[in-house]
Amino acid sequence: MPALNNTHIAILQPLINPFDRSPDKTIENDLKEGEGHNDEFLQFIHDGIENNPPIQFTQITIAELNEYGILRGGSHRPKCFLFVIDSVSIKIIWEGTRNTLRSSIGKPFVCHTNITACSQAYIGGEMYFCEDGNIYVNFKSDRYGRPETEEKKQMAIQYIRDVGYQNVILIEL
């Protein structure tokens, strides 16, 4: 069951534009240089329906989970993957992927809108593939995060499992 089906869509909808769920950001004011394209790194955007690790795969250790407070909302870019669920499937990219056009604003790495080329998506967040076999997921994304309901969060997690990723654990923030 790799592609989104009608059950997934019914709960995840509607598709949103970047920043639609952000209380204080808008696409007009907050989308910066280099954040709306993806042609520079299309080859690194992994379509999760292939049910295998992303190309630039790295795992976080148990020690790093604790050191960086990942389970309490912390981040660790060298081991973090960004994801979005768009109208077709889940797309994943390593957050450390270089984005030269974004370098001018002091953030030379990809962001969620780089995955979609600033298009609509249902939801987005971060993923950590851990050496313990778990995949830790949160919905930290000012562009596509902040799901309105628990049902939407659970459906996103269920879809990640449905494409074949097992041991998916939601990090509640």
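Guide: Let's start with Ala-117, which is partly exposed at a relative accessible area of 30%. Buried means under 20% relative accessible area, exposed over 50%, and partly exposed in between (1.4 Å probe, protein chains only). Before going on: this is a predicted model, where local features need pLDDT of at least 70, side-chain atom pairs count only at pLDDT 80 or more, and totals for chains, interfaces and linings use all residues. Residues are numbered from 1 along each chain as its sequence is written, and side-chain values use heavy atoms, with hydrogens and water left out.

Visitor: What is the phi of Ala-117 near?

Guide: Most residues other than glycine have a negative phi, and most peptide bonds are trans. Ala-117 has a positive phi, near 55 degrees, and sits in the loop between helix H4 (112-116) and S4. Helices (H or I, at least four residues) and strands (E, at least two) are DSSP runs, numbered from the N terminus.

Visitor: And Cys-118, is that buried or exposed?

Guide: Cys-118 counts as buried, at 19% relative accessibility. Its phi is positive too, near 70 degrees, and it lies in the loop between H4 and S4. For the peptide bond, look at Gln-13 and Pro-14: the bond joining them is cis, with omega about 5 degrees. Pro-14 belongs to the loop between helix H1 (6-12) and helix H2 (27-30).

Visitor: How do I read the sheet? In what order do the six strands come?

Guide: Two strands pair if DSSP finds at least two bridges between them. Here the open sheet has the order S1-S3-S2-S4-S5-S6, with mixed pairing. Strand S1 (46-47) and S6 are the edge strands, each pairing on one side only. S2 and S4 run antiparallel, joined by five bridges; Val-84 stands opposite Gly-124 in S4, and Ile-85 has Ile-123 as its bridge partner there.

Visitor: How many of the residues of S4 are buried?

Guide: Seven of its seven, so S4 is mostly covered.

Visitor: Which residues touch the most other members of the largest nonpolar core?

Guide: A nonpolar core is a set of buried Ala, Val, Leu, Ile, Met, Phe, Trp, Tyr and Cys residues joined through side-chain atoms within 4.5 Å. The largest has 23 residues, and Phe-83, Ile-85, Ile-90, Met-127, Val-137, Ile-160 and Tyr-165 touch the most other members. Elements giving two or more residues to this core include strand S3 (90-94), strand S4 (123-129) and helix H5 (150-162). H5 supplies the largest share, five residues. Apart from this core lies another, of 18 residues, among them Phe-41, Leu-65, Ile-70 and Val-110.

Visitor: Last one: what volume does the largest pocket have?

Guide: On a 1 Å grid over the protein atoms alone, a pocket is an open set of points where a 1.4 Å probe fits, with protein on both sides within 12 Å along at least five of seven lines; lining residues have an atom within 4 Å of a point. Grid points are joined across faces, edges and corners, and a volume is the space filled by probe spheres set on the points. The largest pocket comes to about 370 Å³. Its lining has 21 residues, with Arg-102, Lys-107, Cys-111, Asp-142 and Arg-143 nearest the centre.
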